Every structure is written in structure tokens, then in C-alpha cells.
Amino acid sequence: MGKGFFHVPAAVNEPVKTYAPGSPEREAVLKQYDEFFNSKVDVPLYIGSEEIKTGNTKPLSPPHDHQHIVGQYHLAEKSHVEKAIANNLEARKKWAALSWEQRAAIFLKAADLIAGPYRAKINAATMIAQSKNIHQAEIDSACELIDFLKFNIEYMAKIYDDQPESDEGIWNRVEYRPLEGFVYAVTPFNFTAIAGNLPASAAMMGNVVVWKPSDSQIYSAKIIVDIFKEAGLPDGVINVVYGDPEMITNTVLASPDFAGIHFTGSTKVFKGIWKKIGDNIDTYKTYPRIVGETGGKDFIVAHPSANPKQVATAITRGAFEFQGQKCSAASRVYLPKSIATEILDYVKADVESFKIGAPNNMENFITAVIHEGSFDKLASYIDQAKKDSEAEIYVGGTYDKSKGYFVHPTVIVTTDPQYKTMTTELFGPVVTVYVYEDKKWSETLELVDNTSEYGLTGAVFSSDRYTIEEATRALENCAGNFYINDKPTGAVVGQQPFGGARASGTNDKAGSSQNLLRWVSPRLIKETFVTPVDYRYPFLG
Ligand code: NAD
């Protein structure tokens with residue numbers, strides 16, 4: 001145990017590097033990209049000290065060059081998942097008892113490794129695995145992951161510091177125990193930072209974790225494992241398995257020691273997992289913590305007083321950066337008739353200026369969507385919009401999967417506010433616009449509130465303070481992250497804790513102390529110094 005009330009280093013957001021032509025970081029990441037792209041990696045399961053190669057493998061290919069193979073990964077059988085859990089529980093005995101400052105030091109070291117020697121590696125891996133341009137890779141896999149690790153350590157220290165009052169003669173103390181059992185982390189493809197944060201946030205609070213990354217993120221997940229290992233994370237604290245997600249999840253959820261799930265992904269998958277947990281509730285030793293951040297149908301609503309160029313830029317960036325594959329991406333937009341054409345024409349000009357292709361050509365703003373399933377789904381919605389009388393393709397509407405899964409950023413304008421692409425999460429570079437009569441501003445806010453099952457992010461644009469307040473009130477339950485005169489994407493750890501309600505998740509705000517509190521179970525310890533020896537209270541005379 002530590003002999004001192006240690007203060008953790010103050011967390012500050014990691015500065016985003018520019019990767020401008022001629023910069024050393026640009027040269028380093030491109031060199032690393034070439035090295036990775038032209039070699040082959042063999043990604044094992046990580047269980048305890050073992051790196052298990054099952055021989056049952058799948059290839060790893062970049063979405064922008066799907067015939068090119070950069071390696072393979074090994075699929076788990078049920079027995080591996082059971083082994084991962086058993087190993088976790090063994091590792092828990094030492095990990096849960098380790099002093100908090102030792103745990104903190106490991107994750108602070110991991111953050112510094114990413115900021116320094118692993119920066120080019122994790123960015124290049126994210127460019128290859130998820131087809132991010134360098135700016136998107138940098139803000140995600142380097143900066144956001146560093147921020148998650150550093151800020152969470154700061155929040156951890158604040159949680160431990162939160163102690164009850166003590167009356168005279170007694171001492172009340174709260175211990176923030178890790179959950180009794182293990183935590184299951186299930187991560188999405190779209191953010192390397194989320195992939196690292198979901199297992200790490202539970203682990204830093206003293207938990208052991210079975211981590212199942214997305215099949216489409218394994219190449220960059222491997223770099224996270226390398227970093228945690230180099231930072232000194234003991235074997236068995238985070239065990240990593242891949243394979244059939246349903247089999248892995250069913251095996252995990254059948255364990256009596258399952259103590260919580262840290263999930264980010266689609267709403268349908270999360271609801272399915274929640275149901276299974278309910279069905280198994282009698283199996284568990286403790287009520288499992290269920291934390292899930294899921295889908296979105298995020299909006300931009302502009303008031304007639306809004307600045308058209310600002311709205312257009314928010315649409316261009318908010319809908320199309322990383323090909324719209326952010327849970328926070330703007331995908332339904334409400335524009336007043338008086339300025340709609342001006343805004344749409346600015347967006348059209350922006351979209352027509354985009355360069356599209358592989359991320360190692362740094363002129364490309366748009367790269368590929370994640371896989372063929374996503375490409376085919378997006379193509380079918382675009383084709384349908386071309387046929388439907390209530391929809392018009394304003395710009396974009398083309399796609400090509402001959403080499404990579406490229407979908408041209410597309411703006412659909414619809415006359416039906418309930419049109420399919422106004423209500424369904426497509427998770428790609430497609431945004432749908434509904435133009436409303438200026439005088440129907442208040443009705444439009446109701447429409448924004450009622451149109452989607454989700455409640456993740458949204459933005460209002462206006463230069464009129466009364467209408468800003470009206471929108472803020474009317475849309476209170478419509479977004480967990482609400483933006484005024486700004487795009488609805490780009491939340492920064494420590495500044496805009498992220499998460500939404502309704503069908504978008506449990507809103508436990510990744511990168512905040514609220515989230516970390518889900519991974520502990522407080523124990524109150526009351527100690528009395530002079531213990532009573534007579535049951536009679538004074539009132540008894
Ligand atoms: P996904 O739901 O397809 O996959 C997420 C994870 O769940 C993956 O690890 C996957 O293998 C696993 N999975 C898939 N089917 C499963 C099953 N039947 N049982 C158990 N696990 C299963 O999501 P994705 O395509 O990787 O990510 C995109 C989705 O994630 C979008 O809906 C997006 O909005 C959401 N997302 C939300 C947030 C947020 O903070 N709210 C952040 C990022 C992504």
C-alpha cells in the first residue's frame with residue numbers, strides 16, 4: 001500500500017499534430033504505413049501469458065484495397081473464451097489487490113508510449129485497418145486514446161478522494177472495490193480510442209477484462225495490446241479473443257462471474273445482449289453492470305437567422321468526415337426554405353472538391369467505408385433514393401467497390417420528413433435534408449424531437465438567442481451531446497463527455513467519472529473508537 005496521498009499528473013489534452021507537408025510526423029507515419037502495408041502480421045488470441053494461434057484464421061485487408069492482405073487473425077473456440085475467463089479470475093487475485101498508484105502508472109505509461117514511440121504505429125495501423133485519413137487517425141487513435149487514459153486516471157483519483165463525513169468518535173471510509181468477477185468489453189470498429197478505452201477504463205479501476213474487438217479493427221487492436229504489454233500491464237488483466245461474436249458473447253454471459261459489460265456498437269446488438277443478461281440473471285453472483293453506447297440519427301437544425309456558410313461547413317464536416325462512420329455524424333438536417341438553397345450549394349461545392357482514395361495519399365479527404373456489407377447497404381439506399389419521388393440526390397450518389405469500398409459523399413433532399421434515410425442509421429457518407437417553411441420553426445423542433453428513436457448528438461444553428469433557448473428546451477431529451485452553432489461531432493475527452501440516451505445507450509459518458517463509477521462497487525467501512533457497552537439510551541431514564 002502507498003504511504004502518501006499521491007497526486008496524479010494533471011491531465012491536459014494531447015495536442016493534435018498537423019501532418020502538414022514537410023513535417024517530421026508526416027514522414028514518420030507514411031514510412032510506418034508502407035512498412036505495415038508491405039508486410040504480414042499474424043494476430044493471436046491473448047490469454048494470460050499465452051499468445052494462442054488456433055490455426056482457424058481470417059485475413060486482414062484494408063477497406064480501401066480489399067484484395068491486399070496485411071495479415072491474418074486467429075479465431076477463438078468456446079474453450080478459449082472459457083480459458084480467458086478462468087485466467088482473468090486467477091489474475092484478479094493480484095490485480096484487484098494492487099495499490100491504485102501502480103495501476104495508474106501503467107496506464108499513464110501507456111499514454112506516453114502512444115504519444116511518443118507508438119504514435120506513428122497506432123496511426124498507420126488505424127489508417128490501414130479502418131481506412132482513416134491521417135487527421136482522423138491522429139484525433140482518434142493517438143490523441144483521444146491518450147486523453148482517455150490520462151483523464152480517466154485523474155477521475156479515478158478524484159473518485160478515491162470522495163469520502164464521507166465522520167462524526168466525533170467514528171471514522172467512515174469508502175473503498176471503491178472493483179466488481180466481483182470479470183468485465184466483458186465489446187468494442188466497435190470505428191474508433192481505435194474506444195477499443196482501447198473500454199477494456200482499459202474497467203481495468204484501471206482494478207477489474208479484469210475479457211476484450212472482444214470488432215473483426216474490422218483487429219489490426220489496430222493488436223497495437224493497443226502491444227502498448228499495454230510494454231506499459232507493464234500484468235498478464236491476464238485484459239484477455240483478448242476474436243471470432244463468432246454470438247458464440248463468444250453467449251459463453252461470457254453464461255459465466256456466474258460475469259460482473260459487467262462495457263459495450264459500444266449498434267443498438268440492435270446491445271438490446272440483444274441486454275435481453276440475454278436478463279434471461280441469465282439467476283446465474284450471476286452479482287447484478288451485472290450494463291453500460292452501452294450505441295447508435296444515433298444525429299441532427300442539424302438551422303434557424304432562418306443562421307449563418308449559411310457556418311451551417312454548410314458543419315454539414316460537410318459533421319456528415320462526411322471519416323465517411324460519416326461516427327456515431328455522432330450528422331445524418332438528418334432541417335433547413336429553412338429562405339436559406340436552404342444557399343446552404344445546399346455551399347455543401348455541393350465542398351463535396352465536389354473532395355478527393356477520394358487511399359489514406360496514404362494525404363490529398364484524400366474521403367477514404368473507404370469499412371466493409372462490403374456497409375458498402376452494399378449504402379449503395380442500396382442511394383439507388384432507392386434515385387427511384388423515390390419524395391427524394392432527390394443533390395450531390396454524390398455514386399459508388400465503386402472494384403478496388404476499395406468507396407462511396408461518394410451524398411446529399412439527399414427529401415420532401416418527406418419521415419423518409420427512410422431521415423429515420424434509419426446508415427452509418428456512412430449519406431446525409432438527408434428536409435427543407436421546412438420558415439414560419440414552421442417551432443413545429444420543426446417537434447419534428448426533430450419525434451422523428452428518431454435515438455438521442456445521441458444534435459446541433460442548432462441560430463444567431464437569435466430566443467430561438468437558441470427554445471431549441472435547447474424543446475430538444476432536451478433528443479441529444480446527450482447538444483451543440484450550439486457547432487457541428488455535432490468531435491467530442492473531446494475532459495471537455496465534452498460523450499454519450500446519449502433513448503435508443504443511443506445508457507449515457508454513462510465515456511471519458512468521465514460517471515463512467516468509471518460503473519466499474520466499482522463501493523464498500524463503506526465504519527469504525528467506532530470507543531464502542532458502547534450499555535444498550536440503554538438516555539431517554540430510557
Ligand atoms: P456492431 O454492433 O456491428 O459491432 C460492435 C461490436 O459488437 C463488435 O465487436 C461486434 O463483433 C460485436 N457484435 C456483433 N454482433 C454481435 C452479437 N450478435 N452478439 C454480441 N456481439 C456482437 O457495430 P460496429 O459496426 O462495429 O460500429 C458501429 C455502431 O456503433 C454504430 O451503430 C454506431 O452508432 C455505434 N457507435 C456508438 C458510439 C457511441 O458512443 N454511442 C460510438 C461508436 C460507435
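**Around the ligand**

Mentor: Let's begin at the ligand: one of its oxygen atoms lies 2.7 Å from a backbone N or O atom of Thr187. Keep in mind that this is a predicted model.

Trainee: Which residue has a backbone N or O atom 2.8 Å from a nitrogen atom of the ligand?

Mentor: That's Thr294, again through a backbone N or O atom. With Glu425, look at the side chain: a polar atom there lies 2.7 Å from an oxygen atom of the ligand.

Trainee: How is the protein divided into domains?

Mentor: A domain can be made of separate stretches of the chain, and that's the case here: domain 1 covers 24-294 + 505-525, while domain 2 covers 298-484. Their C-alpha centres lie 31 Å apart.

Trainee: What do I look at to see how the domains meet?

Mentor: In domain 1, 26 residues are in contact with 29 residues of domain 2. About 2,300 Å² is buried between the two domains, and carbon and sulfur atoms give 60% of that. On the domain 1 side, the residues that lose the most area to domain 2 are His64, His66 and Phe189, together 23% of what that side buries.

Trainee: How many salt bridges are there between domain 1 and domain 2?

Mentor: The count is one. Find the side chains of Asp65 and Lys403, which meet in a salt bridge at 3.5 Å, N to O.

Trainee: Which helices supply at least two residues each to the side of domain 1 that touches domain 2?

Mentor: Look for helix H1 (24-37), helix H4 (119-130), helix H5 (134-161) and helix H9 (267-279). Sorted by class, that side of domain 1 has ten nonpolar, eleven polar and five charged residues.

**Salt bridges in the whole structure**

Trainee: And how many salt bridges does a search of the whole structure find?

Mentor: It finds 24. One to pick out is the pair Lys83 and Glu50, whose side chains meet at 2.7 Å, N to O. This pair links distant parts of the chain, 33 residues apart: Lys83 sits in helix H2 (residues 78-95) and Glu50 in strand S3 (residues 50-52).

Technical notes
Residues are numbered from 1 along each chain as its sequence is written. This is a predicted model: local features need pLDDT of at least 70, side-chain atom pairs count only at pLDDT 80 or more; totals for chains, interfaces and linings use all residues. Side-chain values use heavy atoms; hydrogens and water are left out. Domain bounds come from an automatic or database domain assignment. Contact means heavy atoms within 4.5 Å. Buried area is the accessible area (1.4 Å probe) that two parts lose on being put together, summed over both. A salt bridge is a side-chain nitrogen of Lys or Arg within 4 Å of a carboxyl oxygen of Asp or Glu. Helices (H or I, at least four residues) and strands (E, at least two) are DSSP runs, numbered from the N terminus. Ala, Val, Leu, Ile, Met, Phe, Trp, Tyr, Cys and Pro count as nonpolar, Asp, Glu, Lys and Arg as charged, and the others, Gly among them, as polar. A polar contact is a pair of N or O atoms within 3.5 Å; within protein, one must be able to donate a hydrogen and the other to accept it, and residues adjacent in sequence count only if both atoms are side-chain atoms.
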